[in-house]
Amino acid sequence: MAALDENLARARGYLARWDGAIVANRIGGEDRPAASGATFQTCSPVDMAPLARVAASDARDVDAAARAAASAFPAWAATPGAERRRILHRIAEAIVARADEIALTECLDTGQALRFMSKAALRGAENFRFYADRAPEARDGKSMYAPGQINISSRSPIGPVGIITPWNTPFMLSTWKIAPALAAGCTVVHKPAELSPLTARLLIEIAEEAGLPPGVWNLVNGDGETAGKALCEHPLIRAIAFIGESRTGQAIVAQGAATLKRVHLELGGKNPVIVFADADLDRAAEAAVFMIYSLNGERCTSSSRLLVEDSVHDAVVARVAEKAARIRLGHPLDPETVIGPLIGPGHEAKVLSYMDKARAAGARIAAGGQKVGEAGCYVAPTLFAGATNDMAIAQEEIFGPVLTAIPFSGEAEAVALANAVPYGLAAYIWTRDTGRALRVSDAVEAGMVWVNSENVRHLPTPFGGVKASGIGRDGGDWSFEFYMETKNVAFATGDHAIPRLGG
Ligand code: NAD
């Protein structure tokens, strides 16, 4: 309790700056209220207490931000890579220096538990360091020889880009998108999610204090249908990097069509964890529990379907149910808490609706299955058993601490079940048989597969999904491929025969 009280007191101290002040947009290095003067309230899902009022932007604010990003672009694109590296490293250091403020603010704004958010703040710094070190080489291309010709390719930043992020782990995801854009030499207009906008504001302040020139990064708050849509439609914005729901991804593509936007979509998932009977069942159960119940299950790569070979199905399900029942729910700032409240009442109602859908479809609730407490948006860690793959609980992204277990018989059925969903983000395979691990990872429709592991990110590797889970990849050089244009220049090395037309 003492630790919770101390954390709460510090969090209140950090949030006090917004008492009676609005969280303004940041455009061209200046604080700006929305042109309309409108604001919206961000609340804590712990108790629905108001945290701050935030600028509610419309197309005029987006236009101002896009113009600021466009006028900052030539100088930033021409800034030597070594200088961009220096600035991005300073941003990383400044993130570490304010990690406590970032983590506590993020917990109260999102409901995510501090034990995970303190690491997420530091992961944000790591994302900046990783791309800082790659900034000097971002423009490099290839040289390619042909008879009588040398080709040299190079890359240049695409221009001002729009970055639209979701509410689940907003700080880490914002750094994941913005760091490579800046390293590439792009300027940015960021539109964070309206349900958890506070740490995006901290992040841009940190970046400017660390020496990022004004206008290189701009922040516009507001809802998706207004501010987000205007950003997708803006003619000065050359590309949109988006993280969010698959349905919103469809809207992003449609909204960007008239201006031929390049889009990168990181969308939803219904990721299988496939446990074969020969696996280390203890480790598999531990990892499955971690991947669905950490971050409140509000995680795109959560292992939301537990596919278990029938001979060990009941034992694995019993083990997972036992662990789920022991998981600690509580205040996100309590260091012992694993599961905090979901982001808000709307999302809570959606997650709870699957409890009825599960019962109606004939699945069994092996753990959880209900709201916890009166105040706040708490949902017990839930496990559905006796499900089939055609049920809504097996097909739809619930995005909460809710796991659906389904038995399978043999490799072919495991793969068929894994692939019989609209999504294809991640898959987790547990087996001691190397040949099977190779076959199944090859056959599974997913952008990322972890064998005998939970999601452990290695930043140089590609991150992204297939099918309804997205278009494009992040990570390593893949992010630069998105944020940059490639040019090829072919040089003739001699006097080759030019086709003679006209005599
Ligand atoms: P969402 O799609 O509702 O919102 C995401 C962002 O898009 C918000 O900033 C929102 O304001 C904006 N938006 C909404 N409508 C828009 C429109 N018409 N035009 C432009 N912008 C618009 O998603 P969410 O509910 O905030 O986040 C949860 C979803 O994000 C889940 O589906 C989850 O799987 C996904 N997600 C994916 C990844 C990944 O890497 N694949 C990571 C985290 C979350």
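Q: How many salt bridges does the structure hold?
A: The structure holds 33 salt bridges. This is a predicted model, in which local features need pLDDT of at least 70 and side-chain atom pairs count only at pLDDT 80 or more, while totals for chains, interfaces and linings use all residues. Residues are numbered from 1 along each chain as its sequence is written, and side-chain values use heavy atoms, with hydrogens and water left out.

Q: Why is the contact between Lys-323 and Glu-286 called a salt bridge?
A: A salt bridge is a side-chain nitrogen of Lys or Arg within 4 Å of a carboxyl oxygen of Asp or Glu. The closest N and O atoms of Lys-323 and Glu-286 are 2.9 Å apart, so the pair counts as a salt bridge. Lys-323 sits in helix 11 (residues 310–326) and Glu-286 in helix 10 (residues 281–293), 37 residues apart; helices (H or I, at least four residues) and strands (E, at least two) are DSSP runs, numbered from the N terminus.

Q: What makes Lys-323 buried or exposed?
A: Buried means under 20% relative accessible area, exposed over 50%, and partly exposed in between (1.4 Å probe, protein chains only). Lys-323 has a relative accessible area of 17%, so Lys-323 is buried. Glu-286, at 44%, counts as partly exposed.

Q: What does the salt bridge of Glu-348 and Lys-371 tie together?
A: The two side chains meet at 2.6 Å, N to O. Glu-348 lies in helix 12 (residues 345–361) and Lys-371 in the loop between strand 15 (364–367) and strand 16 (382–385), so the pair ties together parts that are 23 residues apart in sequence.

Q: Why does Glu-348 count as buried?
A: Its relative accessibility is 9%, which is under the 20% limit, so Glu-348 counts as buried. Lys-371, at 32%, falls in between and therefore counts as partly exposed.

Q: How do you know that Glu-209 and Arg-98 form a salt bridge?
A: Their closest N and O atoms are 3.6 Å apart, which is within 4 Å, so the pair meets the definition. Glu-209 is in helix 7 (residues 198–209) and Arg-98 in the loop between helix 3 (81–97) and helix 4 (99–110), 111 residues apart. At 59% relative accessibility, Glu-209 counts as exposed. Both residues belong to a network of salt bridges, which also includes Arg-17 and Asp-31.
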